[in-house]
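Please read them with the coordinates open.

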Amino acid sequence: MRIKIFKARNVAEAMAMVRREMGEEALIIDTRALAGGVEIRAALEEKEEEKGELPAGPGRERQILAYHGVPEALLDAWELTDLPCALERYLRFSPLPLQEEGNPVAFIGPPGTGKTLTVAKIATRLVLERRPPLVITADTRRAGAVEQLAAYTRLLGINLFVASQPSAILRALARRQQGEPVLIDTCGIDPFLKEDREQLTDLLAAAGAEPIAVLSATLGVEQAASWAMALAELGARHFVPTQLDLTRRLGALIMAAFAGGFRIAEAGIGMNAADGLVLLTPQELAGRLRAGFEEKSPAGPVFDFQKKVHFA
């Protein structure tokens, strides 16, 4: 806030000086009489510099990534002349491995990241492509998980097999038809917990499945990086970020992909299985990063720490 004092022979002259130098938005916070005139103290709330005013170039690209929460150390190491080129150079992008006769794909990650919805979205797309998949759920731990995926598969007219043990996985895979893609929904795990790691490793080995990491874009940057590295140790090479519609900042997506060495595949946006997934390319991701940075007005309330922090 900028504060300035104006002195004049009368109030009218002082107010004219205020409006001329500080504009119509200035607030009068004090007025007092002086010998031979008046004194007015006025204040003006200084506006923050508009984000979008930096010209294109390294400075602007760095500011965009910093806004999204990418750490300074990474920004110092990256060459940021052009954002799409930087993303293509330092990150990996590749479609999901859903080729005919390919290995089953298993979607792994912590609870609540959208693995089941991701399976439903991919299954919907494959049905529309006339390549109906074999869908297996190994998630018998979470209440209602089987019923949730069963609701989707019934609408698609395909079968759902429940197989939480390696032996059951093998029986389900015995039903696979030639050229049929296989999608496996796994239960949410803590990859830092030995028991969870061992159970998932046994399941993946029995299925001969390629694990796909599923992480929410709403995670904190450091949390996303640590989760990504743990899932990479379990064999994940591809990455599906989810819940992009629930966050305005995408630093977690970038850090998860970078820390895990993942190939960014597609992104989950929205709760409708029919909407499918969005293919992420360097150009698409750069556009989303820029759009989030340039958006001026937040969609919801902004927490004001100065007004809300109280001391006991």
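**Notes on the model**

1. Glu198 is partly exposed at 42% relative accessibility; here buried means under 20% relative accessible area, exposed over 50%, and partly exposed in between (1.4 Å probe, protein chains only). Glu198 forms a salt bridge with Lys194, with 4.0 Å between the closest N and O atoms. The term covers a side-chain nitrogen of Lys or Arg within 4 Å of a carboxyl oxygen of Asp or Glu. Lys194 and Glu198 are four residues apart in helix 8 (residues 194–207), which puts about one helical turn between them. Lys194 itself is exposed, with a relative accessible area of 54%.

2. On the basis of the work: this is a predicted model, in which local features need pLDDT of at least 70 and side-chain atom pairs count only at pLDDT 80 or more, while totals for chains, interfaces and linings use all residues. Residues are numbered from 1 along each chain as its sequence is written, and side-chain values use heavy atoms, with hydrogens and water left out. Helices (H or I, at least four residues) and strands (E, at least two) are DSSP runs, numbered from the N terminus.

3. The model has 13 salt bridges. One of them joins Glu266 to Arg125, at 2.5 Å from N to O. Glu266 belongs to strand 12 (residues 266–268) and Arg125 to helix 5 (residues 115–128), so this pair ties together parts that are 141 residues apart in sequence. Glu266 is buried, at 6% relative accessible area, whereas Arg125 is partly exposed at 25%.

4. Arg9 and Glu13 also form a salt bridge, and their closest N and O atoms are 2.7 Å apart. Arg9 is exposed, at 64% relative accessibility; Glu13 is partly exposed, at 29%. Elsewhere, a network of salt bridges links Arg62, Glu72 and Asp76.

5. Glu39 sits in strand 3 (residues 37–44). With 6% relative accessibility, Glu39 is buried. Leaving aside residues up to four places away in sequence, Glu39 touches Ile5, Phe6, Lys7, Asp30, Thr31, Arg32 and Leu34; contact here means heavy atoms within 4.5 Å.

6. Helix 9 (residues 221–233) packs against helix 10 (residues 251–260) at an angle of about 30°, and the axes are 8 Å apart. Axes are lines fitted to C-alpha atoms, for helices over the stretch in contact, and angles run from 0 to 180 degrees between N-to-C directions. The crossing is right-handed, that is, the near helix is turned clockwise from the far one by less than a right angle. Helix 9 contributes Val221, Ala224, Ala225, Ala228, Met229 and Ala232, and helix 10 contributes Gly251, Ala252, Met255, Ala256, Ala259 and Gly260. By class, this contact has ten nonpolar, two polar and no charged residues. In this scheme Ala, Val, Leu, Ile, Met, Phe, Trp, Tyr, Cys and Pro are nonpolar, Asp, Glu, Lys and Arg are charged, and the others, Gly among them, are polar.

7. Two backbone points deserve a look. Arg130, not a glycine, has a positive phi of about 65°. Arg130 lies in the loop between helix 5 and strand 6 (134–137) and is exposed at 75% relative accessibility. Gln243 also has a positive phi, near 60°. Gln243 is in the loop between strand 10 (238–242) and helix 10, and is partly exposed at 23%.
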